[in-house]
Amino acid sequence: MQKNLRRYWAVFTLPTLICFIIAFLIPFILGFGLSFAKFTTVMDAHFVGFSNYIKAFSGDDTFLPALLRTAVFTVACVVLINLLAFLFALLLTRKMRGTNFFRTVFFMPNLIGGIVLGYIWQLIFNGILAKYSLTLTSDGKYGIIGLIILMCWQMTGYMMVIYIAGLQSISPDLIEAAVIDGASPWQTLIHIKIPMVMPSITICMFMTLTNSFKLFDQNLSLTNGAPGDDSALVALDIYKTFYNRPGYEGVGQAKAVIFAVILAVIAIVQLRLTRSREVEA
Amino acid sequence: MRKQRKISNTIITIILIFLSFLYIAPILIVLMNSFKGKLFISDQPFVFPTFSKQDLGAAGIQPKTFVELKNYWNGVQKIHFWNAFGRSVFITVAGVAIIVLFTSMTAWFITRTKSHYSNTLYYLFVFSMVIPFQMVMYSMTKVANALHLDNPLGILVLYLGFGAGMSVFMFSGFIKGIPVSIEEAAIIDGCSPLQCFFRIVFPVMKPTVTTVAILNTMWIWNDYLMPYLVMGKDYPTIPIAIQYLQGGYGSIDMGAMMAMLILAIIPIIVFYVACQKYIIRGVVTGAVKG
């Protein structure tokens with residue numbers, strides 16, 4: 001069959017491959033190259049070595065703060081979203097009425113796009129802060145706290161359905177046996193449920209981690225980084241370096257490369273963790 | 001024991017009802033404000049619209065803030081909402097269709113043939129899943145402009161190319177798990193590889209097709225940055241059109257903004273209610289496989 005199929009390689013792979021080359025491969029190589037160049041259009045690029053990378057950290061005072069801010073934001077999101085989602089999942093896997101309805105409601109915000117979400121919450125946060133004569137852009141911390149709340153609202157339902165699937169795949173016999181042996185609900189949770197859903201926990205941790213780290217749309221519409229760049233996360237900082245600062249295109253591209261490297265490292269760690277667990281199981 | 005359980009279930013249900021209210025509240029608040037005059041939104045978003053003028057004595061006069069559907073008419077005209085809506089529908093439907101069709105074909109080919117070519121392709125696709133859009137956003141925009149892909153038809157090429165990684169990966173994962181013997185039998189019986197794919201393999205892949213279709217629908221429908229950079233002002237999709245309301249000079253028309261947010265949410269809710277089962281299942285399998 002292989003021989004037969006191989007003759008059809010063009011029909012099966014060329015449409016995808018050509019689009020992949022146009023949309024990803026060429027832009028990726030070009031982008032990597034441009035991170036070592038000074039340019040305003042692709043045509044006038046000239047090689048400047050590592051100076052863009054050096055400028056990203058020293059000649060530019062927004063990148064490092066944005067990275068740190070993003071790290072804090074990401075940790076807060078990962079912890080809060082997963083705790084809430086796991087709690088919701090525990091509540092919704094009990095035998096009681098209406099669980100389907102609640103699951104539907106909690107999951108719904110996840111489908112709404114980032115731009116729309118940002119404006120919805122801008123209205124609400126500004127309404128609340130107005131009582132203290134403040135706005136979302138009075139201080140960078142309001143924008144970041146707002147984004148954390150927004151992300152919890154948006155992503156908890158998503159992680160919850162993954163945890164529910166994990167919890168439902170635990171054999172009821174196992175839990176029944178534990179109950180007969182006199183295990184308290186707390187003991188079944190710690191010694192059976194949590195170890196059994198470890199794979200789901202890994203998946204959810206990494207999904208929240210990468211989604212928070214890459215967050216852009218919500219950041220743009222909620223505060224657009226204001227005041228100044230005090231509530232800008234890395235993705236928005238890269239965007240602003242590219243399009244709002246003439247002459248800094250190369251620095252923006254260098255920042256994007258660093259951003260990609262960090263995400264690649266996260267992905268490799270995730271792969272290692274899931275692989276090692278598969279071997280154990 | 002059973003009675004205790006009943007009581008705790010009631011308490012949990014009450015907590016959950018309260019939480020679901022919190023979850024829906026933001027959207028209800030926007031809905032409520034979409035019927036208020038634009039000057040009465042930012043200051044007091046939590047106040048219901050008033051239907052008549054009221055004299056509050058010492059507190060002054062409370063004006064009528066209910067404006068019927070005025071915000072909706074205003075907003076629809078201002079951002080040409082229906083054009084944006086049609087464009088979003090076209091790009092999403094066409095984009096998802098070509099992604100499902102071409103990436104499933106590619107995935108079948110590279111899983112069923114063992115060669116350097118298919119191996120290289122597979123690893124390139126997996127690699128592309130890790131790379132964030134910011135890495136390629138500038139250069140992709142330039143390439144797209146040079147090749148005249150800066151229109152609703154051309155952007156489909158970019159969606160197929162940039163979305164190929166995840167979709168090929170998911171289809172390959174599924175194909176690895178189905179036995180090759182049926183396909184071999186079909187080929188021996190005289191099926192061409194194309195017939196074999198469309199008559200035998202594709203129908204078997206239905207669960208993965210729904211998953212891939214749903215994940216890509218959610219991505220393309222809500223995507224802002226790529227269409228904004230590539231097509232920009234000429235062909236706004238819904239998220240771009242909404243962002244333009246903010247982008248004007250000076251103050252934003254909050255009334256139009258509220259109304260357009262609601263119009264942007266309605267199609268999503270309809271889609272969600274119609275295919276809820278598939279969406280949740282698709283998202284779970286997508287997460288576990290991806």
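Of the 290 residues in chain B, 42% are buried, in what is a predicted model. The secondary structure of chain B comprises 13 helices together with two strands. Its C-alpha atoms, taken along the principal axes, occupy a box of roughly 90 × 70 × 30 Å, and the radius of gyration of chain B is 25 Å, whereas a compact globule of 290 residues would have a value near 19 Å. Among the contacts in chain B with a separation of 6 or more, 73% are accounted for by residues 24 or more positions apart.

For chain A, the assignment gives two domains, domain 1 spanning residues 2-52 and domain 2 spanning residues 61-280. The centres of these two domains of chain A, taken over C-alpha atoms, are separated by 31 Å, and the contact between them draws 10 residues from domain 1 of chain A and seven residues from domain 2 of chain A. On the side of domain 1 of chain A that touches domain 2 of chain A, helix H2 (9-34) and strand S1 (37-38) of chain A each supply at least two residues, with the largest share, three residues, coming from H2(A). By class, this side of domain 1 of chain A consists of five nonpolar, four polar and one charged residues.

The contact between the two chains involves 73 residues from chain A and 69 residues from chain B. Helix H2(A), already noted for its part in the contact between the domains of chain A, also gives the most to the side of chain A that touches chain B, where it provides 18 residues. The residues on this side of chain A divide into 55 nonpolar, 13 polar and five charged.

The largest nonpolar core has 155 residues, and those with the most contacts inside it are A:Val116, A:Val161, A:Tyr163, B:Leu158, B:Met260 and B:Leu261. Helix H7 of chain A (residues 140-168) gives the most to this core, with 15 residues.

Methods: Residues are numbered from 1 along each chain as its sequence is written. Chains are lettered from A and ligands numbered from 1 in the order in which they are written. This is a predicted model: local features need pLDDT of at least 70, side-chain atom pairs count only at pLDDT 80 or more; totals for chains, interfaces and linings use all residues. A nonpolar core is a set of buried Ala, Val, Leu, Ile, Met, Phe, Trp, Tyr and Cys residues joined through C-beta atoms within 7 Å. A residue is buried if 20 or more other C-beta atoms lie within 10 Å of its own, exposed if 12 or fewer, and partly exposed in between; C-beta atoms are placed from the backbone. Helices (H or I, at least four residues) and strands (E, at least two) are DSSP runs, numbered from the N terminus. Domain bounds come from an automatic or database domain assignment. Ala, Val, Leu, Ile, Met, Phe, Trp, Tyr, Cys and Pro count as nonpolar, Asp, Glu, Lys and Arg as charged, and the others, Gly among them, as polar. The radius of gyration is taken over C-alpha atoms; the globule rule is 2.2 Å times the number of residues to the power 0.38.
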